[in-house]
Amino acid sequence: PNLYHLNTWLIMPATEEHNCAFVELVALKGCPQIPSWFVSHWWGERLADFVKCLQLHSQNRELIEDTIYWVCAYANRQHSLSEELVDDPLQTSFYKAMQLALKEEGVL
């Protein structure tokens, strides 16, 4: 399976009732999710390959276990993506996440 499958089978159904991002369901309440790394990837890649890449990235950089990666599928509200369609790219969640990640570690 890939991220398109995960979005259909898990993310969309789980977040529909509250129109929230998946991360809002699984993150500890009151704990800010400031990304250390912004991840750009293809939704069509196998989930197992994606996870393996993140694991290797973490191991190679000797990152701590709770390092936060920003991944659009989990960070964006999939039921409200039209809100991401703005004239100014500097106002998108992608740009804002990249700026936060660049202050911390970087873009992957």
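1. Trp 70 has a relative accessibility of 10% and therefore counts as buried (under 20% relative accessible area is buried, over 50% exposed and anything in between partly exposed, with a 1.4 Å probe and protein chains only). Phe 94, at 31%, is partly exposed. The model is predicted: local features need pLDDT of at least 70 and side-chain atom pairs count only at pLDDT 80 or more, whereas totals for chains, interfaces and linings use all residues. Residues are numbered from 1 along each chain as its sequence is written, and side-chain values use heavy atoms, with hydrogens and water left out.

2. The protein chain contains five helices and three strands, in the order α-α-β-α-β-α-α-β from the N terminus. These elements are DSSP runs numbered from the N terminus: helices are H or I with at least four residues, strands E with at least two.

3. The aromatic pairs number five. Rings of Phe, Tyr and Trp (its six-membered ring) pair if their centres lie within 6.5 Å; planes under 30 degrees apart are stacked, over 60 edge-to-face, and the rest tilted. In the pair of Tyr 4 and Trp 43, the centres are 5.5 Å apart and the planes stand at 55 degrees, so the pair is tilted. Tyr 4 belongs to helix α1 (residues 3–15) and Trp 43 to the loop between β1 (37–38) and α3 (47–60), so this pair ties together parts 39 residues apart in sequence. Tyr 4 is partly exposed at 46% relative accessibility, while Trp 43 is buried at 16%.

4. The rings of Trp 70 and Phe 94 have centres 5.2 Å apart and planes at 70 degrees, so this pair is edge-to-face. Distant parts of the chain are linked here, with Trp 70 in strand β2 (residues 69–70) and Phe 94 in helix α5 (residues 93–104), 24 residues apart. Together with Phe 38, these two residues form one aromatic cluster.

5. Which residues make up the largest nonpolar core? The core has twelve residues: Leu 3, Leu 6, Ile 11, Phe 22, Phe 38, Trp 43, Leu 47, Trp 70, Cys 72, Ala 73, Ala 97 and Ala 101. A nonpolar core is a set of buried Ala, Val, Leu, Ile, Met, Phe, Trp, Tyr and Cys residues joined through side-chain atoms within 4.5 Å. At least two residues come from each of α1, α4 (72–75) and α5, and α1 gives the largest share, three residues. Another core, of seven residues, lies apart from it and includes Trp 37, Phe 50, Leu 54 and Tyr 69.

6. Disulfides, defined as pairs of cysteine sulfur atoms within 2.5 Å, number zero. For Cys 20, the nearest cysteine sulfur is that of Cys 72, 16 Å away. The sulfur of Cys 72 is in turn 15 Å from the closest cysteine sulfur, in Cys 53, which is too far for a bond. Cys 20 is buried at 7% relative accessibility, and Cys 72 is buried at 13%.

7. Of the 108 residues, 34% count as buried. Among contacts (heavy atoms within 4.5 Å) between residues at least 6 apart in sequence, 71% join residues at least 24 apart.
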